[in-house]
Amino acid sequence: MKDRWLGLDIGGTKCAVILAKLDMGIVMLDRIAFPTEAEKGFERAYSRMTGAIADLFERNAIDESRLRGIGISCGGPLDSERGVIICPPNLPGWENIPIVSMFEERFGVPVFLQNDANACALVEWRMGAGRGLSNMIFLTMGTGMGAGIIADGRLIRGFSDMCGEVGHMRLCETGPVGYGKSGSFEGFASGGGIDRQAIEMTKRLIDSGDPPAWIMNGHSLNDVNAGLLAAYARSGDSSALKLFGDAGRMLGRGIALLVDVLNPELIVIGSVFARCEDLLRPAMQSELEKEALEYSLKGLRVVPAQTGDNIGDLASVAVAVEGTGTDPQSESEDRAKAVMYHYERLFDRYGQLTCCKRQIYEAYEAIERCYANGNKLLLAGNGGSCADCEHIVGELMKGFYLKRPVEDKKRDAIREATRDILPGAADILQQGLPAIALTGHAAVSTAVQNDVDPQLAMAQQVLGYGRPGDAFIGISTSGNAKNVLLAASVAKALGLKTIALTGENGGELKRACDITIAAPATSPADVQEMHLPIYHTLCAMIEARFFKS
């Protein structure tokens, strides 16, 4: 059976070789990374890559007959159609390397090559924030600033495979240098550009006789980067805040140009934006609204990448998956059938809920995407709806219909840690899906009620727990519970996907949430009776998606 995939993530500093499978998405099985040592030439790196592949096969007890395809992600310029690395500036001496044909001859499977920004765009489009969309842009915002562009449902490469080199755009006549050009988008707003600006600003402050707090606290110039200054900005340091404000403003200016030209429905930004969104977004949003066409901004969302720190590894595998025309989300037929079994069974048993059919599936997709990307679910409700929140957590955090054995590596570590306390504990514990009911934390809830405002008890917890990519369910039979409404509003502001479970009127909560499942009843008791089979079905669908029967 050909059910294994390889990804090669080639960078100027390091290379990684990834072994993966598809199971309702790309599942990484193993990984070997090593320094690229580009100065030693391509042949040296090629030898290490093939050696790493052999090691992965050996330690995972598989052979080449299981291999279905290989994807290669690398910085450009390159020719993805011919499979040739042309002359990447971060890989000096790697010129006109026919890397695709080399690996095809060696392993006898289809091999595909793609620009690293395009590869990341494929991951976010197929598995992350852009799932189901036809027009989106992915911005790397790492060492450099590149873009992967999905337009009208396909990846755009351009005439010479140079589409998406947005870091080269000049935003001002003078300014920080990036991509060999002063005043460029990359110079102003990439992670590397922000690092360089942070160092220059630190030098200026030292030379002026007013060294910044980070220098006074013992850091040297070698320590200065975006990560360090983000910590100082969040503590209120004015110089660090100005750095991120300026970077956010130029990020917004660059995005405005892309919005006017390409009219995307979504812009996904990786790396620094995913870690520093709170510092960059205010100035970015203000500049974007000032510079871009108003009509093009309607419905546009700018969000951090959902596939997390593993995006580069996933991207290399995604190049092969996309190249073979495979949908990574539909690879497990048995699980897909199990998901749909629970979904259709709900309407067979409760025909009156057919009016909510589309919204229930949308809620499933939102929660599935949340868990697929390693995030969590937050829930809020009062009274009977409070009990429903706790009930949902109970079904998600342990086995519902299925046993959910703990993953091998976790189980082995737990077995070692608990063998003298409760032998067999590792074999009894079940894998959970992280869910938090914001209804049962008496200490924090009463503290907020007493010291701040009783209506904000759950909103405060959303602020503390919530991260972009998480999901939120607010349950209110009327849709007008103010504390739930406040929690939902905060969740949406923080970039969580928000789901309302209400009665047929929906109330204010309907307007505050992305998805509303409005049970067709008005009496609180009747609404709650319908909520039970709805959330039982969602829990069963999610369990079927992530665990084998």
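1. The model is predicted, so local features need pLDDT of at least 70 and side-chain atom pairs count only at pLDDT 80 or more, while totals for chains, interfaces and linings use all residues. Residues are numbered from 1 along each chain as its sequence is written, and side-chain values use heavy atoms, with hydrogens and water left out.

2. A compact globule of 549 residues would have a radius of gyration near 24 Å, and the chain, at 25 Å, agrees with this; the radius is taken over C-alpha atoms, and the globule rule is 2.2 Å times the number of residues to the power 0.38. Along its principal axes, the C-alpha trace spans about 70 × 65 × 55 Å.

3. The chain holds 21 helices and 19 strands, which are DSSP runs (H or I of at least four residues for helices, E of at least two for strands) numbered from the N terminus. Of its 549 residues, 53% count as buried, meaning under 20% relative accessible area with a 1.4 Å probe, protein chains only.

4. The largest nonpolar core has 46 residues, and Leu139, Leu229, Phe244, Leu251 and Ile255 have the most contacts inside it. Such a core is a set of buried Ala, Val, Leu, Ile, Met, Phe, Trp, Tyr and Cys residues joined through side-chain atoms within 4.5 Å. Among the elements that give two or more residues to this core are strand E8 (136–139) and helix H8 (238–262), and H8 gives the most, with 10 residues.

5. Leaving aside residues up to four places away in sequence, Phe244 touches Ala226, Leu229, Ala230, Ala233, Cys276, Leu279 and Leu280, where contact means heavy atoms within 4.5 Å. Apart from this core lies another, of 43 residues, among them Tyr371, Ala519, Cys539 and Phe546.

How values were computed: Buried means under 20% relative accessible area, exposed over 50%, partly exposed in between (1.4 Å probe, protein chains only).
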